Every structure is written in C-alpha cells, then in structure tokens.
Amino acid sequence: MELLPFFEWLEASALGAAAKAYGGVFAVVQMFHLLALALLGGTVILGDLRLLGVVMTDVPSETVIRNTQKWFNAALALIAASGVFMSGAVAVKLYYNEMFWAKMTGLSLGILFVYGVRRPLLLRFEHASINPWALRLLALTSLTIWLSVAACGRWIGFS
Amino acid sequence: MLNELLLSLAHWLDAMPWSTALHESLYLYAWVETTHVLTLMVFLGMLFIIDLRMLGLMFTEVPASTVAKRLDVPMLIGFAVMVTTGLILYFAIPVRTTQSLWFRIKVVLLIAAGINALLFRARMKAADGSWDRDPKPPKRLRIGAGLSLALWAGVVITGRTIAYDWFDCHKQLPYFLYWAAGCVDEMAAFE
C-alpha cells in the first residue's frame, strides 16, 4: 500500500496549513504533547512498578490499575490529538523519517497491548489468581513498549 | 553585574574541551537530552498523580498521605536524574543557555515550584492527617496542588521553548527583552 499520497494530502489539508501557519501554535501544541507524555508515562510506570512489587505495595494492585486507567485514556487522547496536529505541519518529512515509522509501529503495538491484553486481563481477574511471572512479564512488556515509543518520538527530531 | 558574572562563568565552561565535545558529539548529547525528556514520565508523572490525589481526582479510596509517601521516592529519583541531565545539557551549551529568556523563566519557576512544594509539605504535616481519608482534601491543600501542577507545567513549557531562537540575543529585540535575557553586549550597543 502506497502511503505517500496520504501524507501529501495531510500536509496540504487545512490541518497542515493551520499547524504550519505560526511557529508559536506548533510550539504550544507540542507543550501539551509533552505534558500528556508525563501523565501517560506516569500512569503506565506506576501500574507496572506496582505489578513488579516495587512501589505502593500496601495498596492492592487492582486499586492501582483501576485508578490509573482512566487517566491513561485521557493522556492518550491528548497526546494523540496533539500528535496528529503536529504531524500535519511536517507530514511529508515524517513519511521519510525512520524514527517516525518505528514510533507508529510501537504505538500500534502499545494500543493493541493495552486494550487487547493488559486491561482485559488485569480488570477481569483477581491479580492473586494470575501467575506472578505472567504479571511481571506483562509489566516489563508494557514498560518496554511505552519507553520505546517515547524515545523514538524524541529521536524523530534528531534523525 | 550579575549578568556579567553569569556570562563569564558560561564562557569559562564553554572553553572546556568536554563542553564542546559533548555539544558536537554524534549521539551522546542526543541521549542525554532523551534521558532528560523521558524522565519527565517518572518525575512529573509521579508528581501529577500525587497532585491529582490532592485534588480529589484520583486514588480517592486510598489515604492521601499513603499516595504521597509511596510515590515520594520514585519522584525524587526522577528529579535527581532530571537535575543531573539538565546540568549536563547546560554544560554542553552554556553561553546560549545563560542568555536564554526561557531558561531564565524556567529557573524562576523552578524556585517557585520548590517553595510551593515545601509549603505544601508543611501544610500537610500541620493538618496531621485529619482529612487523610477524605476523597477530597481541604481547599488550602487543593490550591497548593493546583499551583504545583501549574508551576511544573510552566517549567516543562519553558524548558521546551529554550530550543526556539525567537528571543535570542542576536535578534532585533526591544531593550526590555535584552535586559531580561541578560544580553550584555546588545544592551551596551542599544541606541
């Protein structure tokens, strides 16, 4: 499937024009992207460190997962919306950027993992009934995916 | 006077071979900066969660002091990493950073956020856990938490804008901005 026309269309669209119009607007949206990164990363790291038995060990891990998921959703919505806006300004450049594709691959994997595996498993079952090694593996997978996505995001600008 | 002092300190750092090597390195500078940005998820992430608890928006069934105490260590580890990598980043580009309007605002906001954090801790101790189990802490603490969120968001925002050259000394700027950014030479040459 040839995706270049889509990126050319995106950059020429009203969104692309709006994102390009003023450097200041782009910068402000990028700030929200960064703040959402902190919240998204914070909820992921707290949940995973709890599953690994590192922090908040006196609070049930079910409680930690339940409390972090809502804010994870909000952060993901904000980070995705600001990300789409920013990509409008430099769409064609992104198409040729390897780090962008690495990030999109990681992001797709992350979304599938969160909503397809991590959440159904952790919300539907009592955590004590799950093999402790399965929980640890789940936490490590989650940390690896999201840290990679974030690092690739920063490296879009370097590559 | 202070501006001249800071600038000569920056020039002294800038003359060190390590500063140049780091700035011109192929990967090291980028990785230090990546670490600085990614650690936002640890430091600011934990801070956001604590503040959201203090605002009554998260972990309402867990005592506020438990959330604050348990997340304190990961938050401080994150803060230590951010300060360390931040100092290394400053060391790599000392002159421009010293004369950056955004960097200066960032330092002021950092100090304000630090004072707010100390006041918050004192207020929390003085309340002595009387509201610890309340889903929503008293108003005074909620204000402190809101202020904390705003100040730290400001630190992140001004940190990001250091990269933009809108108000760099070499630009044509009003005297006030030269003064705020500490552009010593430009101030002297101003007509």
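Student: In chain B, what share of the contacts between residues at least 6 apart in sequence join residues at least 24 apart?

Tutor: Two residues count as in contact if their C-beta atoms lie within 7 Å. In this predicted model, 75% of such contacts in chain B join residues at least 24 apart.

Student: What is the corresponding share in chain A?

Tutor: For chain A, again taking contacts between residues at least 6 apart in sequence, 84% join residues at least 24 apart.

Student: How many helices and strands are there in chain B, and in what pattern do they follow one another?

Tutor: Helices and strands are read as DSSP runs, numbered from the N terminus. Chain B has 10 helices and 0 strands, and its pattern along the sequence is α-α-α-α-α-α-α-α-α-α.

Student: And how many helices and strands does chain A have?

Tutor: Chain A comes to 7 helices and 0 strands; from the N terminus on, its elements run α-α-α-α-α-α-α.

Student: What percentage of the residues in each chain is buried?

Tutor: A residue is called buried if 20 or more other C-beta atoms lie within 10 Å of its own. By that criterion, buried residues account for 30% of the 191 residues in chain B and for 35% of the 159 residues in chain A.

Student: What are the spans of the two chains along their principal axes?

Tutor: Here one considers the C-alpha atoms of each chain in turn. Those of chain B fill a box of roughly 60 × 40 × 25 Å, whereas the C-alpha trace of chain A spans about 55 × 35 × 25 Å.

Key: Residues are numbered from 1 along each chain as its sequence is written. Chains are lettered from A and ligands numbered from 1 in the order in which they are written. This is a predicted model: local features need pLDDT of at least 70, side-chain atom pairs count only at pLDDT 80 or more; totals for chains, interfaces and linings use all residues. Helices (H or I, at least four residues) and strands (E, at least two) are DSSP runs, numbered from the N terminus. A residue is buried if 20 or more other C-beta atoms lie within 10 Å of its own, exposed if 12 or fewer, and partly exposed in between; C-beta atoms are placed from the backbone.
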